[in-house]
Amino acid sequence: MTAIAVGADIALAVRGLRKSFQGGRVPVLQDVTLSIRSGERVALLGANGCGKSTLLRCMLRLIEPDAGTVDIGGVQVTGLRGRGLRRVRARVGLVFQKHNLVPRLSVLTNVLHGALARGLSFRVWRQSWAPAAERERALTCLDMVGLAHLADRRAGQLSGGQSQRVAIARALMQQPTTILADEPVASLDPVAADEVMEMFCRLVGQQGLTLVFVSHNLEHAVRYADRLIALRAGRIERDVPATGVQIEELRGLYE
Ligand SMILES: Nc1ncnc2c1ncn2[C@@H]1O[C@H](COP(=O)(O)OP(=O)(O)OP(=O)(O)O)[C@@H](O)[C@H]1O
Ligand SMILES: [Mg+2]
């Protein structure tokens with residue numbers, strides 16, 4: 001196989017990434033290098049403040065890194081601006097701990113907003129204006145997360161678990177190739193957290209998406225990821241296949 005073919009299989013590559021805050025006084029990421037294959041599911045672990053969220057944000061340049069490069073789907077994100085940057089970001093779905101739905105709008109409209117990242121215009125802002133094909137797609141995405149029956153409900157009336165499912169449907173609506181999820185179930189009760197994580201990872205697997213998720217739940221990390229990447233003080237401390245890892249060994253990351 002040629003080097004190019006191998007490279008084409010890499011969904012996300014980060015090289016020499018550095019980031020400090022407050023004029024360099026708070027170094028957060030210190031020379032982070034990793035590469036994630038297409039379809040791989042990676043759990044990003046590490047203690048509070050070790051730089052996980054900063055790393056995810058730097059990957060999409062929602063925070064501007066100080067040095068290093070990021071490639072997504074073979075496109076170098078560092079250096080891109082305007083439309084080029086938007087196009088790359090459109091391929092990456094984001095799911096956060098806080099779902100950020102618009103409470104006064106319907107569930108379906110919130111899902112339709114995922115299409116905005118693909119460059120669809122204001123017509124998707126309101127479900128009654130949306131093109132029929134996009135409405136169909138939004139309903140399909142809602143169905144995937146088991147909530148098609150709540151399409152007309154106002155998002156503000158949903159439970160935390162339902163809201164996070166809608167946020168996942170919105171990310172799928174974007175038709176991403178990669179999903180970055182920052183503690184996607186951290187604010188849910190333990191049963192809802194297990195259910196939502198199970199469903200989320202099943203959908204990601206079915207659609208062959210690449211997933212990087214941050215979690216403090218080591219059971220989730222071992223169960224749902226193929227690979228564990230652990231940061232400590234802004235550096236990669238461990239990068240191992242998830243298979244066979246004992247949860248007890250991982251506790252050392254938090255000492
Ligand atoms: N905008 C900012 N200005 C200054 N310092 C920041 C900023 N954002 C993050 N930091 C600092 O960078 C460090 C890493 O933060 P980050 O949010 O990436 O950690 P994390 O690994 O996601 O932690 P947690 O598990 O608590 O979510 C922390 O010390 C944090 O205080
Ligand atoms: Mg964080």
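Which loop does Gln-22 lie in? Select Gln-22 and you are in the loop between β1 (10-21) and β2; helices (H or I, at least four residues) and strands (E, at least two) are DSSP runs, numbered from the N terminus. Before going on, note that this is a predicted model, where local features need pLDDT of at least 70, side-chain atom pairs count only at pLDDT 80 or more, and totals for chains, interfaces and linings use all residues. Residues are numbered from 1 along each chain as its sequence is written, while chains are lettered from A and ligands numbered from 1 in the order in which they are written.

**Stop 1**

Most residues other than glycine have a negative phi. Gln-22 is exposed, with 7 other C-beta atoms within 10 Å (20 or more would be buried, 12 or fewer is exposed, and in between is partly exposed, with C-beta atoms placed from the backbone).

Now show ligand 1. The residues around it include Phe-21, Gln-22, Asn-48, Lys-52 and Thr-54, where being near requires a C-beta atom, placed from the backbone, within 6 Å. β2 (26-37) and α2 (52-59) each supply at least two residues of this shell, and α2 gives the most, with 3. By class, the shell has 4 nonpolar, 7 polar and 1 charged residues (Ala, Val, Leu, Ile, Met, Phe, Trp, Tyr, Cys and Pro are nonpolar; Asp, Glu, Lys and Arg are charged; the others, Gly among them, are polar).

**Stop 2: Arg-232**

Next, select Arg-232 in strand β9 (residues 227-232). With 17 C-beta neighbours inside 10 Å, Arg-232 is partly exposed. Leaving out residues up to four places away in sequence, Arg-232 touches Gly-46, Cys-50, Glu-237 and Leu-253 (contact means C-beta atoms, placed from the backbone, within 7 Å).

**Stop 3**

Pick Glu-183, in the loop between β7 (178-182) and α7. Its phi is also positive, near 50°, and Glu-183 is partly exposed, with 18 other C-beta atoms within 10 Å.

Finally, colour α6 (residues 160-173) and α7 (residues 190-206), which pack at an angle of about 15° with their axes 10 Å apart. Axes are lines fitted to C-alpha atoms, for helices over the stretch in contact, and angles run from 0 to 180 degrees between N-to-C directions. The two helices are therefore roughly parallel (under 35 degrees; over 145 is roughly antiparallel, 65 to 115 roughly perpendicular, the rest oblique). Among the contact residues are Ile-168 and Leu-172 of α6 and Val-196 and Phe-200 of α7.

Definitions and conventions
Contact = placed C-beta atoms within 7 Å.
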